[in-house]
Amino acid sequence: MGHRFSKSTSNPEQNSSFFSSLKRSSSSRPNLDQNTHLRPSIFATLRRSPVAKPNDFIPLFNDCISAASSRAQEYLLFKDPEDKFHPSPEVLTQVFLMTYISQSVCLNITDTFNCTAMTPEQRILLGADWVWAVLDKPTKNPRIQIAVQVLHLLEKEDAEENGNQENCSESVQMAQKESGNKTSYERLVDFCASIGKDCYALFLFFGKKNDKENIYGVLSNNFEAAIGKCDKIDRPLIENFFKGSRYLHTPSGMMQAIVTKREGDTLTLMIKFS
């Protein structure tokens with residue numbers, strides 16, 4: 001009378017075989033996360049460790065000069081309402097130099113670009129307050145040198161000279177005798193000329209006659225040419241370089257010009273440091 005339904009029966013062995021094949025298939029599928037972790041990225045293979053360039057110190061040098069110039073300029077601009085505080089030229093020079101040295105140590109450029117402060121005797125004999133040097137690696141031998149002499153406003157220099165004559169040590173007095181009749185400008189030029197064209201004389205003006213609040217510089221590896229023309233190397237001669245100059249370099253521009261100059265060429269630049 002009614003319809004017959006046939007109940008299908010499952011084969012346990014077939015089911016077991018079916019699920020086993022699924023398990024094997026799942027286990028043989030690659031683990032994407034694991035492979036991705038182990039396999040280096042294609043972009044990682046393109047990376048290369050940065051190679052230090054010989055002129056990488058120039059921006060850091062510029063930062064050091066900026067800090068030193070700003071600090072020294074604070075003293076140049078300061079006016080004591082009671083007219084009791086008068087920083088001497090020696091103090092101004094030390095403020096600039098100590099600020100520069102402190103900043104250069106913080107920025108870790110001393111292994112590439114060194115600064116050597118002169119002793120009082122060396123300042124007299126060589127005419128330099130300090131010497132900058134671009135060092136070769138790994139020998140750290142000086143490749144390029146810049147001997148710096150700081151010049152202050154004439155009224156300050158005269159007051160400083162009169163005060164120092166009374167408090168000279170014996171070694172300083174001996175150095176003064178050894179220096180002969182040459183001016184400090186001539187001694188600096190002689191010192192640089194004795195080394196060669198890779199040694200520059202830099203006269204650093206802490207204020208000029210027409211601008212007492214800024215710091216300027218005249219740099220050259222050819223000042224000795226003035227001696228060949230029977231000209232005396234003195235302050236008016238050095239200041240005269242500014243009159244014919246239409247462009248003032250930055251400290252970084254000065255250093256870039258020095259390190260890219262061809263060997264044996266002469267170079268003379270006017271620079272504004274502040």
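Modeller: Contact means heavy atoms within 4.5 Å, and in this predicted model Phe61, Ala68 and Tyr75 are among the residues of H3 that meet residues of H4, including Leu92, Phe96 and Tyr100. Local features need pLDDT of at least 70 and side-chain atom pairs 80 or more, while totals for chains, interfaces and linings use all residues. Residues are numbered from 1 along each chain as its sequence is written, and side-chain values use heavy atoms, with hydrogens and water left out.

Colleague: Why is the pair of tyrosine 100 and tryptophan 132 called tilted?

Modeller: Rings pair if their centres lie within 6.5 Å, and planes under 30 degrees apart count as stacked, over 60 as edge-to-face and the rest as tilted. Here the centres are 5.3 Å apart and the planes stand at 55°, so the pair is tilted. Tyrosine 100 lies in helix H4 and tryptophan 132 in strand S2, 32 residues apart.

Colleague: Why is the pair of phenylalanine 223 and phenylalanine 241 called edge-to-face?

Modeller: Their ring centres are 5.6 Å apart and their planes are at 90°, so this pair is edge-to-face.

Colleague: How do you know whether phenylalanine 223 is buried or exposed?

Modeller: Buried means under 20% relative accessible area, exposed over 50%, and partly exposed in between. Phenylalanine 223, at 4%, therefore counts as buried, whereas phenylalanine 241, at 28%, counts as partly exposed.

Conventions: Helices (H or I, at least four residues) and strands (E, at least two) are DSSP runs, numbered from the N terminus. Rings of Phe, Tyr and Trp (its six-membered ring) pair if their centres lie within 6.5 Å; planes under 30 degrees apart count as stacked, over 60 as edge-to-face and the rest as tilted. Buried means under 20% relative accessible area, exposed over 50%, partly exposed in between (1.4 Å probe, protein chains only).
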